[in-house]
Amino acid sequence: QRVRRHTGSRGPVTEFSIAPSDLSDRRRVDSPADLTPPDRWRNRLTPLLAFGRFEVGRLLRSWKFLAITVGFPVIFYILFLSDHTAGKVVDGTVPWRVYLMVSMCSFGALVAALNAAGTRLSMERASGWARQLRITPIPAWSYVATKVVASMLVVFPVIVLVEAVGAGFGDVRLSATAWMGLTLLLWVTSL
């Protein structure tokens, strides 16, 4: 088999031969039918996981996003904590410090979820990034799913940080199951 190769814009065109034995030595690309089920899933998940790492890394590199998402709920909690006395009770049963901590956790989860997924999704769609992703090997549904998962990964530390400040600085005392239940409930509802 004769092949013509152009060596450059000004260089000469050269011809060379490829023997049939050279073609058989090349690595054969497996078709999807030749792959075992774990290999098929690995081939499908590899681009998706790479895109997920890219999204989370991009969120964490943005210091403005982190300052607003993490900083505001903590600062608001500390500022509003001094407005009322430690023994004040809200709605007859809930201490003010617990009520404020849960409110700031909810606020932080809402801000983190909206900034991580909602506004970025609309800006990327307007700039054409979503269109560019259609030519990649990731499935069509994975764009929004990756945004949601990245958002959930950012929301969790915000909730835990506000709870830690509430426990340490605000003197909030709850049982271990109440802490876990509160964290899980706030994290899931931020979806």
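Student: How many helices and strands does the chain have, and in what order do the elements run?

Tutor: This is a predicted model, and what follows describes that model. The chain has 7 helices and 4 strands. Read from the N terminus on, the order of these elements is β-β-α-α-α-β-β-α-α-α-α.

Student: What share of the contacts with a separation of 6 or more joins residues 24 or more positions apart?

Tutor: The chain has 191 residues, of which buried residues make up 29%. Among the contacts with a separation of 6 or more, the share that joins residues 24 or more positions apart is 64%.

Student: Which residues does Y77 contact, leaving aside its neighbours within four places in sequence?

Tutor: Y77 is, with M101, one of the residues with the most contacts inside the largest core. With its neighbours within four places in sequence left aside, the contacts of Y77 are R97, L100, M101, M104, V165, G166, G170 and V172.

Student: Why does E55 count as buried, and which residues does E55 contact beyond its neighbours within four places in sequence?

Tutor: E55 lies in helix α2, which covers residues 37–61. Because its relative accessible area is 0%, E55 falls under the 20% limit and counts as buried. The side chains of E55 and R58 are joined by a polar contact of 3.2 Å. Leaving aside its neighbours within four places in sequence, E55 is in contact with E124, T146, K147 and A150.

Student: Is K147 buried or exposed, and which side chain is joined to that of K147 by a polar contact of 2.7 Å?

Tutor: K147 is placed in helix α6, and K147 counts as buried because its relative accessibility is 1%. With neighbours within four places in sequence left aside, K147 is in contact with E55, R58, A116, A117, R120, L121 and E124. The polar contact of 2.7 Å joins the side chain of K147 to that of E124.

Student: Which backbone oxygen lies 2.6 Å from a polar atom of the T146 side chain?

Tutor: T146 lies in helix α6 and, at 7% relative accessibility, counts as buried. Beyond its neighbours within four places in sequence, T146 is in contact with L48, F51, G52 and E55. The C-alpha atoms of T146 and F54 are separated by 9.8 Å, although these residues are 92 residues apart along the chain. The backbone oxygen at 2.6 Å from a polar atom of the T146 side chain belongs to S142.

Student: Which element gives the most to the lining of the largest pocket?

Tutor: The largest pocket has a volume of about 210 Å³, and its lining has 8 nonpolar, 1 polar and 2 charged residues. The lining residues include L121, R125, A130, L133 and Y143. At least two residues of the lining come from each of α4, α5 (129–133) and α6. The element that gives the most, with 3 residues, is α6.

Student: Which elements give two or more residues to the lining of the second largest pocket?

Tutor: The second largest pocket holds about 150 Å³ of space, and its lining has 8 nonpolar, 2 polar and 1 charged residues. Among the residues that line this pocket are L48, G52, W141, T146 and A150. The elements that give two or more residues to this lining are α2 and α6.

Student: Where does D171 lie, and what is its phi value?

Tutor: D171 is placed in the loop between α6 and α7. Because its relative accessible area is 46%, D171 counts as partly exposed. D171 is a residue other than glycine with a positive phi, and the value is near 55 degrees.

Note on methods. Residues are numbered from 1 along each chain as its sequence is written. This is a predicted model: local features need pLDDT of at least 70, side-chain atom pairs count only at pLDDT 80 or more; totals for chains, interfaces and linings use all residues. Side-chain values use heavy atoms; hydrogens and water are left out. A nonpolar core is a set of buried Ala, Val, Leu, Ile, Met, Phe, Trp, Tyr and Cys residues joined through side-chain atoms within 4.5 Å. Buried means under 20% relative accessible area, exposed over 50%, partly exposed in between (1.4 Å probe, protein chains only). Contact means heavy atoms within 4.5 Å. A polar contact is a pair of N or O atoms within 3.5 Å; within protein, one must be able to donate a hydrogen and the other to accept it, and residues adjacent in sequence count only if both atoms are side-chain atoms. On a 1 Å grid over the protein atoms alone, a cavity is a set of points where a 1.4 Å probe fits but cannot get out, and a pocket is an open set with protein on both sides within 12 Å along at least five of seven lines; lining residues have an atom within 4 Å of a point. Grid points are joined across faces, edges and corners, and a volume is the space filled by probe spheres set on the points. Ala, Val, Leu, Ile, Met, Phe, Trp, Tyr, Cys and Pro count as nonpolar, Asp, Glu, Lys and Arg as charged, and the others, Gly among them, as polar.
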